[in-house]
Amino acid sequence: MKKIKIMCVIGTRPNFMKIAPLLRALKNYPKFRPILVHTGQHYDYKMSGVFFKDLNIPRPDYNLGIRAGLHGEQTGRTMIEFEKVCLKEKPDLVIVVGDVNATLASALVAAKLHTPVAHIEAGLRSFDRTMPEEINRLLIDQIADYLFVTEPSALKNLIKEGIPRKKIFYVGNIMIDTLKNQKYKAKILKQFNLKPKQYAVLTLHRPENVDNKKILENLLNIFDEVQKKIKIIYPVHPRAEKQLKKNGLTRFINQMRNFEIIHPIGYLENLALMSHSKFVMTDSGGVQEETTVLKIPCLTLRQNTERPITVTQGTNVIVGRNKNKILKEVNKILAGRTRRSKIPKYWDGHVARRIVKILCPKK
Ligand code: UD1
């Protein structure tokens, strides 16, 4: 029997937790032969390798070794290398996840080779085209053949953009399959001398927050106020770390006594850290969703979100970079005044199974 070749593409940290459950689900279908391609956009052990270990992801069949670069350069180099792999392997389907440069580059190559493309996490829109991810999302969804969405807003966005309804599948959030599948221990709390519910977690890495010195300084001033109320722990992303060093801001950080920067942490450590925290402050997309499921209050340090269900149903509050708003929300949380939330429909741990069933109705 000729097997159906399914090429799964990953490139950056937020892709790994989305591909892990899919690879597991594909294994149950002997008809499929999965091929895993890592573009290598993220490459440090702490940004990539540790996730393979934590999530039991097999070694990729190909690593394109792309690494960092300007957008055109990074996307272009990924296309050049990915095209070679596609020409050699001739996949029957290419599956891409999320919205990073690796996602766009591989979807574009596949579409031009007339290979069907499936996009997991389609339709999310921040309506802010200054975000590189928003450009990626819009373009990927125009050329994808299967669009798997996590929430109703995504379905609505795609219909508005003229995508035929029959291409769109409301399956839920695959990242939650991974979250529900984990047993994580609170070892990291001991390691950093943290007491449950007596600290807040910060993640901050988006270009609009960290690449401009004034904005970054302004945010640090706000964190300075917050750390007077509760300890903040910040696993720093390499992009942010570079900017903090370049702009001479590490001295300011060192004088905040209750603000601790740590190296990037693995998936399991991060879940443990978030789930025992009092609240999380973030500019990441995935963290807004994970905190909703963990039922931990989340303050999003952005002007908008492409994941509105985390606000309407989950624990997320959009606070931007507004000092008064942030402090007001922090005070509310510390006083125990948090909103009631619920877990969105289909964020139930069975998303990968639904996707694979759609791709292959007959086992
Ligand atoms: C990328 C994604 C972003 C996602 C983020 C998650 C795009 C356009 N952006 O942003 O959507 O939220 O990943 O982390 O694709 N670096 C290292 N080691 C690594 C990885 C990166 O030092 O393992 C450094 C790079 O050298 C570069 C910087 O971090 O200087 C940024 O890396 P890059 O992959 O270009 O973008 P991210 O900011 O990580």
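**View 1. R354 and D348 pair through their side chains.** The side chains of R354 and D348 meet in a salt bridge, with N and O 2.9 Å apart. A salt bridge here is a side-chain nitrogen of Lys or Arg within 4 Å of a carboxyl oxygen of Asp or Glu. Side chains of opposite charge can pair when their charged atoms come close. R354 is partly exposed, at 24% relative accessibility. D348 is partly exposed too, at 28%. (Buried means under 20% relative accessible area, exposed over 50%, and partly exposed in between, with a 1.4 Å probe and protein chains only.) The structure holds 20 salt bridges.

This is a predicted model, in which local features need pLDDT of at least 70 and side-chain atom pairs count only at pLDDT 80 or more, while totals for chains, interfaces and linings use all residues. Residues are numbered from 1 along each chain as its sequence is written, and side-chain values use heavy atoms, with hydrogens and water left out.

View 2. Domain 1 covers 4-172 + 347-359, and domain 2 covers 187-334. These bounds come from an automatic or database domain assignment. The domain centres, taken over C-alpha atoms, are 27 Å apart. Domain 1 gives 23 residues to the contact, and domain 2 gives 21. Contact means heavy atoms within 4.5 Å. The two domains bury about 1,900 Å² between them, 61% of it on carbon and sulfur atoms. Buried area is the accessible area (1.4 Å probe) that two parts lose on being put together, summed over both.

**View 3. Polar and charged pairs cross the interface.** Domain 1 and domain 2 share 3 salt bridges across their interface. The interface also has 6 residue pairs in polar contact, both residues at pLDDT 80 or more. A polar contact is a pair of N or O atoms within 3.5 Å; within protein, one must be able to donate a hydrogen and the other to accept it, and residues adjacent in sequence count only if both atoms are side-chain atoms. On the side of domain 1 that touches domain 2, the elements giving two or more residues are α1 (13-27), α2 (45-55), α5 (132-143) and α6 (152-160). Helices (H or I, at least four residues) and strands (E, at least two) are DSSP runs, numbered from the N terminus. The largest share of that side, 6 residues, comes from α2. By class, the side has 9 nonpolar, 3 polar and 11 charged residues. Ala, Val, Leu, Ile, Met, Phe, Trp, Tyr, Cys and Pro count as nonpolar, Asp, Glu, Lys and Arg as charged, and the others, Gly among them, as polar.

View 4. In α2, M47, S48, V50, F51, F52, D54 and L55 are buried. What covers these buried residues includes β1 (4-10), α1, β2 (32-38), α7 (174-180), α11 (238-246) and α13 (267-275). Just after α2, N56 takes a positive phi of about 60 degrees. R59 sits in the loop between α2 and β3 (62-63). R59 is exposed, with a relative accessible area of 76%. R59 and V37 are 22 residues apart in sequence, and their C-alpha atoms are 9.3 Å apart in space.

**View 5. R137 takes part in two salt bridges.** D99 pairs with R137, the closest N and O atoms being 3.0 Å apart. D99 lies in the loop between β4 (93-97) and α4 (101-112) and R137 in helix α5, so the pair ties together parts that are 38 residues apart in sequence. Both residues, D99 and R137, are buried. E306 forms a salt bridge with R137 as well, at 3.5 Å between the closest N and O atoms. E306 is buried, with a relative accessible area of 0%. R307 forms a salt bridge with E306, at 2.5 Å. R307 is buried at 4%.

**View 6. E134 reaches a backbone nitrogen.** E134 lies in helix α5. E134 counts as buried, at 2% relative accessibility. The E134 side chain reaches the backbone nitrogen of S126 at 2.9 Å. Leaving out residues up to four places away in sequence, E134 touches L124, R125, S126, F127, D128 and R129.

**View 7. S106 in helix α4.** S106 lies in α4. S106 is buried, with a relative accessible area of 0%. The side chain of S106 reaches the backbone oxygen of T103 at 3.2 Å. Leaving out residues up to four places away in sequence, S106 touches V9, F82 and V96.
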